[in-house]
Amino acid sequence: MRAFGYVSAPDLPTALGAVAAGARPLGGGTNLVDLMRDDVERPETLVDVTALPLAGVDELQESGGLRIGAMVRNSRLAADRRVRSRYPVLAESLLAGASGQLRNMATVGGNLLQRTRCPYLRDHAAACNKREPGSGCAAIDGIHRGSAVLGTSEHCIAAHPSDMAVALVALDAVVEVQSLRATRRIPLAELHRPPGDTPHVETDLAPDELITAVELPALPVARTSRYRKVRDRASFAFALVSVAAALEVRDGDVVDVRLALGGVATTPWRAREAERVLLGAPATEETFRRAAAAELASAISRPQNAFKVELAQRTIVATLRRLAAERADDAEGGPA
Amino acid sequence: MTPVKLRVNGSTELLELDPRVSLLDALREHLGLTGTKKGCNQGACGACTVLVDGERIVACLALAVQYAEREITTIEGVGQPDHLHPLQEAFVREDGFQCGFCTSGQICSALGMLAEHRAGMPSVVTPHLTDDEIALTEAEIKERMSGNLCRCGAYEGIVGAVQSVAEEMSQ
């Protein structure tokens with residue numbers, strides 16, 4: 001690992017000053033430290049932000065939503081009673097990610113900024129436009145079983161690795177970002193950039209900006225929500241395909257729906273095409289299939305990851321079917 | 001070099017460390033506490049699991065400078081050869097290890113995991129997320145211990161050891 005300077009920030013102004021001077025924020029370190037050891041990340045200075053007073057989950061009094069501090073650790077957020085009852089898809093997505101040890105370290109802000117697990121990002125012998133802009137993409141004609149089929153470009157097909165971000169994008173989360181200049185709010189759906197011809201530019205953040213919070217709007221449909229993750233082993237593995245879904249059915253029709261995909265796209269992928277097909281339509285297997293097909297219609301697959309197109313559709317259908325059945329059970333079981 | 005005050009197993013240690021030194025290397029190379037094992041060194045195997053303020057983390061991805069003034073417990077602080085922790089006794093009784101390389105991480109992880117379960121924290125296999133009481137089934141133990149790999153494959157013994165101690169602790 002290359003040498004770096006280290007400072008610990010006791011308060012936000014100190015942290016913002018350090019970031020403005022070029023320091024990289026260090027949260028739990030579960031991704032950044034690992035990439036520094038592999039010489040992929042080469043920060044000159046780290047500013048430890050884990051002591052900042054941003055570790056609370058608070059009620060948003062005006063809107064009825066929740067404000068999640070950027071330093072809240074994944075394990076704490078997943079265990080939060082309000083998250084478990086009001087946004088189960090978020091708790092499930094967090095619990096489906098990493099291991100107990102890593103969830104105790106990883107922070108919400110860091111999770112949003114983690115980098116792809118595409119093997120070529122770490123392979124200095126191979127081309128990677130994320131690691132060395134302009135060097136090419138070894139995954140396109142190489143090992144790309146885990147790569148994306150949605151939102152790709154000819155320069156990068158790396159899948160976004162976060163589970164949490166998939167749930168958050170389905171929940172219309174908004175990210176609060178601060179710098180010494182200003183505070184701004186970015187819909188999470190706009191934080192991550194598709195690769196285009198600049199795959200190394202992964203987010204909309206300026207170098208001097210720090211993620212300080214994530215806000216969840218009040219979202220009644222989120223009470224009926226689930227995160228379903230398909231992976232090579234039962235635990236502690238990244239998603240091949242994941243689906244975050246929230247569904248509200250009334251008189252047999254879909255009256256509200258939120259759908260997002262992980263493992264298959266270059267960014268946490270809001271499935272807006274599928275949502276368009278679902279909204280107002282009968283909550284039937286046929287509708288679910290049509291919606292899933294509409295979302296994956298724009299997929300561009302390669303030999304090793306072609307299976308993801310079918311797998312994503314089946315996982316969407318299975319997740320919606322289960323939510324619709326749970327809703328029906330609730331209705332039969334008495335007052336909700 | 002940065003001065004770092006580490007609190008390990010009840011003692012306070014003053015060290016001068018390069019910020020690159022991981023908590024794992026600080027424990028093993030600077031303090032001689034070699035019970036904590038270095039496996040993959042990238043957070044994937046769990047061999048380096050220690051407890052920080054009672055919570056389990058992997059020490060390989062932790063920079064030592066980040067953990068000043070925190071209460072760190074390693075396997076040396078859990079039990080001694082002549083005075084084993086009940087969980088260590090259970091590993092012996094239930095045949096929970098073969099080569100033993102993963103054992104200290106497994107035990108620290110299990111202690112952290114049992115505390116998480118007692119605090120009512122769910123896992124991804126918990127049937128109902130909102131339940132107040134979560135049964136510590138075999139499926140729960142396996143999922144919650146999935147961050148610790150055992151290349152010998154002593155998993156059945158490990159699950160048995162954790163199960164028996166969890167029952168003892170709840171009685």
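Predicted model: local features only at pLDDT ≥ 70, side-chain atom pairs only at ≥ 80, totals over all residues.
## Helix 4 of chain B

Helix 4 of chain B runs over residues 103-118 and has 16 residues. From first C-alpha to last it reaches 22 Å, close to the 22 Å expected at 1.5 Å a residue. Of its 16 residues, 14 are buried, so helix 4 of chain B is largely enclosed by the rest of the structure. Just after this helix comes B:Gly120, with a positive phi of about 85°.

## Packing against helix 3

Two packed helices are described by the angle between their axes and the distance between the axes. Helix 3 of chain B spans residues 86-93. Its axis and that of helix 4 of chain B come within 10 Å and cross at roughly 125°. That angle makes helix 3 of chain B oblique to helix 4 of chain B. The crossing of these two helices is right-handed.

Helix 3 of chain B contributes B:Leu87, B:Gln88 and B:Phe91 to the contact. From helix 4 of chain B come B:Thr103, B:Gln106, B:Ile107, B:Ala110 and B:Leu111. By class, the contact of helix 3 with helix 4 of chain B has five nonpolar, three polar and no charged residues.

## Packing against helix 6

Helix 6 of chain B covers residues 155-170. The axes of helix 4 and helix 6 of chain B come within 11 Å and cross at roughly 45°. Helix 4 of chain B is therefore oblique to helix 6 of chain B. This crossing, too, is right-handed.

On the helix 4 side of chain B, the residues are B:Gln106, B:Ala110, B:Met113, B:Leu114 and B:Arg118. They meet B:Ile158, B:Val162, B:Val165, B:Ala166 and B:Met169 in helix 6 of chain B. The class count for this contact is eight nonpolar, one polar and one charged.

## Two buried leucines in chain A

A:Leu54 sits in the loop between strand 3 (45-48) and strand 4 (57-59) of chain A. Its relative accessible area is 13%, so A:Leu54 is buried. Not counting residues up to four places away in sequence, A:Leu54 touches A:Leu12, A:Gly69, A:Ala70, A:Met71, A:Val72 and A:Thr212. A:Arg81 is 27 residues from A:Leu54 along the chain, and their C-alpha atoms are separated by 19 Å.

A:Leu90 belongs to helix 5 (residues 88-95) of chain A. At 0% relative accessibility, A:Leu90 counts as buried. Leaving aside neighbours within four places in sequence, A:Leu90 is in contact with A:Ile68, A:Leu77, A:Val83, A:Met164, A:Ala167, A:Leu168, A:Leu171 and A:Leu216. A:Leu90 and A:Arg103 are 13 residues apart in sequence and 14 Å apart in space, C-alpha to C-alpha.

## Positive phi at two aspartates

Most residues other than glycine have a negative phi. A:Asp39 has a positive phi, near 60°. A:Asp39 is found in the loop between helix 2 (32-37) and strand 3 of chain A. With 21% relative accessibility, A:Asp39 counts as partly exposed.

B:Asp95 also has a positive phi, near 60°. B:Asp95 lies in the loop between helix 3 and helix 4 of chain B. B:Asp95 is exposed, with a relative accessible area of 57%.

Note on methods:
Residues numbered from 1 in each chain as written. Chains lettered and ligands numbered in written order. Heavy atoms only, no water. Helix = DSSP H or I, 4+ residues; strand = E, 2+ residues; numbered from the N terminus. Expected span 1.5 Å × (residues − 1). Buried < 20%, exposed > 50% of the residue type's maximum accessible area, 1.4 Å probe, protein only. Axes fitted to C-alpha atoms, helices over the stretch in contact; angles between N-to-C directions. Parallel < 35°, antiparallel > 145°, perpendicular 65-115°, else oblique. Left-handed = near helix turned anticlockwise from the far one by under 90°. Contact = heavy atoms within 4.5 Å. Nonpolar A, V, L, I, M, F, W, Y, C, P; charged D, E, K, R; others polar.
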